[in-house]
Amino acid sequence: MNIALIGLGMVAATHVHAIKSAPTLHLSGVLGRNPAKTADFAARHATRAFDSAQQIAQDPTIDFVILATPPNARRDIVHLLAAAGKPILMEKPIEREFQAACDLVCICAQAGVPLAIMLQHRAREASQALKTALNAGDLGEICTVDLRVPWWRAQSYYNAPGRGTYGRDGGGVMISQAIHTLDLAIWLLGPICSVQAMMRQTALHQLEAEDWAGALLEMQCGAFGTLLATTAAYPGGAETISLQGTKAAAHLGSGVLEISYLDGRVTRVGAEAGTGGGADPMAFTHEWHQAVIEDFAKSLSTGEQPLATGETALEAQAVIDAMQRSSESGQKQQVQRWC
C-alpha cells in the first residue's frame, strides 16, 4: 500500500523506518510545515515532497495517510482527508481536549473513513501475551492495578516551542507520555469509571502543564488502583503495569511480562527493550510502530477493525479529561462517555 506521511517532527523518522521495513508498504511522499525542510527530508529518505494536504487528498494512488502533526494542527487536515475518503492512521493524542477528540472521531465516522490511532504499546509481544492471559482467566478476578510512568525529560525538551502547553499539546506528562500506559491498561482491563487526581508542576521543569500526576482509579471490572506519571524522575525508567488477581499477579515492564501464580509457578514472555523513558525520548525500536502500521494496512484490506480505533483511543483521553477536572476541583470525577 502507498502511504503519505504528514508531519515531520520528532517521530517522523520512526514512521519512515517502520514503513521501509515492511515489505508490503511504500512511502509515497511526505509533507511538513516548512517546504525547504520537507524537501530535505524527502531527499534524505528517497521519497516525494508534497506541496499541500490538498495534493495528498486528491492523489488517487495514496491508500492511506499517517498524520503525525501536533494535535493542534489536525482538524482541517482531517476534514480534508475524510472528505476525500482517505483512511487515517493518527499519532496520539487525537486532539488536545476530549470533546475536540470526539469531534475528529465523529468526522471520520460520518464520512465512513477508517481511523486508527498510533498506540503502539498494544502491539508489544508482552502486552499481547497479557491480553491473552486475561481473556483466558489465568489471573482470576483482577483486584488491584498499579500504573507507573517514572520518566525523565531535561528542560531542553520543554524549551521546544509549544511543548508542554495546553495550546499545542493539550497538557503535559499525561497526554504526551503516560497516555500510552493508561491506554494499555484500559485495553487490557476495560473502562475506568472514576478518578481522584492531582496534577502538578515540579521545580525540575519550567512548563505550562503538569510534569507530575497521581490518581486513584475505579474500574468497571471491579478493580481499583493507582497511577503515578512524571517526567521528573531522573534518570528515567520503564513504565510498568502491575496487576493482582485472585489466581496470579502480573508485572509488565520494559517489554517483559512476568506472571507469578499463587501456586508458585512463574512464566515470562518478551524481551527487554528501551521505551524512551530517559533523556532520549526516541530510544525505542521502530518495530512497534511497524506492527501498528501493518495492522492498519491489513484492516483496510480485510475490513476488520484495526488494533486501536479512534473510538477505543477516546477512552484514555476521557480519563485524562476527568483527571484534569479532578485536579482542579479537588473532588472525585466520573469519566465521561461519548455518543
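Student: Why is Pro150 called partly exposed?

Tutor: Relative accessible area under 20% is called buried, over 50% exposed, and anything in between partly exposed, with a 1.4 Å probe and protein chains only. Pro150 has 27% relative accessibility, so it counts as partly exposed. The model is a predicted one, in which local features need pLDDT of at least 70 and side-chain atom pairs count only at pLDDT 80 or more, whereas totals for chains, interfaces and linings use all residues. Residues are numbered from 1 along each chain as its sequence is written, and side-chain values use heavy atoms, with hydrogens and water left out.

Student: What makes a residue a contact of Pro150, and which residues does Pro150 touch?

Tutor: Contact means heavy atoms within 4.5 Å. Leaving aside residues up to four places away in sequence, Pro150 touches Thr230, Ala233, Gly236, Gly237, Ala238 and Glu239. The C-alpha atoms of Pro150 and Ala232 are separated by 7.5 Å, although the two residues are 82 apart along the chain.

Student: Where does Pro150 lie in the secondary structure?

Tutor: Pro150 belongs to strand β6. Strands are DSSP runs of E with at least two residues, helices are runs of H or I with at least four, and both are numbered from the N terminus. The chain has 10 helices and 14 strands.

Student: Which strands are the edge strands of the open sheet?

Tutor: The sheet has 9 strands in the order β13-β12-β11-β10-β6-β9-β8-β7-β14, with mixed pairing. Its edge strands are β13 (266-270) and β14 (333-334), each of which pairs on one side only.

Student: How is helix α8 oriented relative to β6?

Tutor: Axes are lines fitted to C-alpha atoms, for helices over the stretch in contact, and angles between N-to-C directions run from 0 to 180 degrees. On that scale, helix α8 (residues 173-189) runs at about 155 degrees to β6. Helix α10 (residues 310-329) also packs on the sheet, its direction making about 55 degrees with that of β7.

Student: Why does the radius of gyration agree with a compact globule?

Tutor: The radius is taken over C-alpha atoms, and the globule rule is 2.2 Å times the number of residues to the power 0.38. For 339 residues a compact globule would have a radius near 20 Å, and the chain has 20 Å, so the two agree.

Definitions and conventions: Two strands pair if DSSP finds at least two bridges between them.
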